[in-house]
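Okay, thanks everyone for coming. Let me put the model up on the screen, and then I'll walk you through it piece by piece.

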Amino acid sequence: MRIFDPHIHMTSRTTDDYRAMAANGVQAVVEPAFWLGQPRTNPGSFADYFDSLIGWEPYRAAQFGIRHHATLALNPKEANDPRCRGVLDLLPRYLDKDGVVAVGEIGYDSMTPAEDEAFAAQLALAISYELPALVHTPHRDKAAGTRRTLDVVAESGIEPGRVAVDHLNEVTVGLVRDSGCWMGFSIYPETKMSPPRMVEIIKAYGTERILVNSAADWGHSDPLLTVETGKALLAAGFTADDVDRVLWRNPVEFYGQSGRLDLSETTPGATFAGSSIARGGS
Ligand SMILES: [Zn+2]
């Protein structure tokens, strides 16, 4: 089983995680920029974080033979802090870089006017930089949040096939399927989606436009839940080809729209070279 985790925060994970992921077939990851728990107080703090996501973390992943890409954005939660608004001015410089395969995570946390503004501005950036967008849906008030998210996406004029709406569940999947956007599911150890629930969703909705991720971060989470979902799909009678589509070919197709996915072999012996990440084929 080869696995591409399309949403995982490796900055918060250990080398034991990288080792276990590689041993279980995880060959590629996308790390979205997000809220680090400790609030940031100025755009410079984000600049260093973005540099780390496109420089240091791919190097760390390569030590384990894992290909690493990033999505960059001002996350919805910190969009509410006026001190962080300058991040929107920093982004254009970063969205041009190799290794950046989407704008994200954007979307809503508490659905405030400041979040509205940052969400719309960053969808516009996705359009002008010809990048897909990774959109986070709020954990509270999920159905209303997802509806409003889809309205903002539609108003922006971005092509729905270039948008992934993430953290869906049984209540929100239908809305997103009907919108033409990609459907993202985060599989967690205790809360939200589990491997058995994911199997039922794929039975009901099929494998097209489905993305399954672990969204592992600094909280209680498990980077191997993509692998567990693959095993649960096989146990439920799905073919190895179905599993490969969901866990590998779908993320390749979605992020491949950036023209910047490089899935060539990593070179574990390579030295850290700052920003010299080679551009791959489209
Ligand atoms: Zn996330």
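Start at Met183: its bridge partner in β8 is Ile210. That belongs to a set of four bridges joining strand β7 (residues 182–186) to β8, and the two run parallel. When I say strand, I mean a DSSP run of E of at least two residues, and a helix is a run of H or I of at least four, both numbered from the N terminus. Two strands count as paired if DSSP finds at least two bridges between them.

Before going on, a word on where this comes from. The model is predicted, so local features need pLDDT of at least 70 and side-chain atom pairs count only at pLDDT 80 or more, while totals for chains, interfaces and linings use all residues. Residues are numbered from 1 along each chain as its sequence is written, and side-chain values use heavy atoms, with hydrogens and water left out.

Staying with β8, which way do its side chains point? Ile210 and Val212 go one way, Leu211 and Asn213 go the other, and all are buried. Buried here is under 20% relative accessible area, exposed is over 50%, and partly exposed is in between, using a 1.4 Å probe and protein chains only.

Now zoom out to the sheet. Eight strands make an open sheet, ordered β1-β2-β3-β4-β5-β6-β7-β8, with parallel pairing. The edges are β1 and β8 (210–213), each with a single partner strand, so one side of each has no neighbour in the sheet. From one strand to the next, the twist averages 25°. Angles like that run from 0 to 180 degrees between N-to-C directions, with axes as lines fitted to C-alpha atoms, for helices over the stretch in contact.

Further in, strand β5 (residues 133–136) and strand β6 (residues 163–166) pair in the parallel sense through four bridges. Contact, by the way, means heavy atoms within 4.5 Å.

While we're on α4, have a look at Ala114, which sits in that helix. Ala114 is partly exposed, at 25% relative accessibility. Leaving aside neighbours within four places in sequence, Ala114 is in contact with Ala79, Asn80 and Arg85.

Next, the metal. Which residues coordinate the zinc ion? They are His7 (NE2), His9 (NE2) and Glu105 (OE), at 2.1 to 2.2 Å. Along the chain the donors follow the spacing H-x1-H-x95-E. So distant parts of the chain get linked: His7 is in the loop between β1 (3–5) and α1 (15–23), and Glu105 is in strand β4 (residues 100–107), 98 residues apart. Donors are N, O and S atoms within 2.8 Å of the metal (3.2 Å for Na, K and Ca), and water is not among the atoms, so sites may look incomplete. His7 is buried, with a relative accessible area of 1%, and Glu105 counts as buried too, at 6%.

Thr14 caps the N-terminal end of α1, with a side-chain oxygen 3.3 Å from the backbone nitrogen of Asp16. The buried residues of α1 are Asp17, Tyr18 and Met21. Why are they on the same side of α1? Because they cover an arc of only 100° around the axis, where the arc is that of the directions from the helix axis to the C-beta atoms. Asp16 and Ala23 are exposed on the other side. The cover over the buried residues includes β2 (26–32), α2 and β3. After α1 comes Gly25, with a positive phi near 100°.

Two more stops. Thr146 lies in helix α5 (residues 142–156) and is buried, at 0% relative accessibility. Not counting residues up to four places away in sequence, Thr146 touches Thr137, Leu168, Thr172, Leu175 and Val176.

Last one: helix α8 (residues 225–235), where Leu225, Thr226, Val227, Thr229, Gly230 and Leu233 are buried. Among the elements covering them are β1, β2, α7 (195–205), β8 and α9 (240–256). Following α8 is Gly237, whose phi is positive, near 105°. Okay, that's my tour, so over to you.

Technical notes: Polar contact = N/O pair within 3.5 Å; in protein donor to acceptor, adjacent residues only side chain to side chain.
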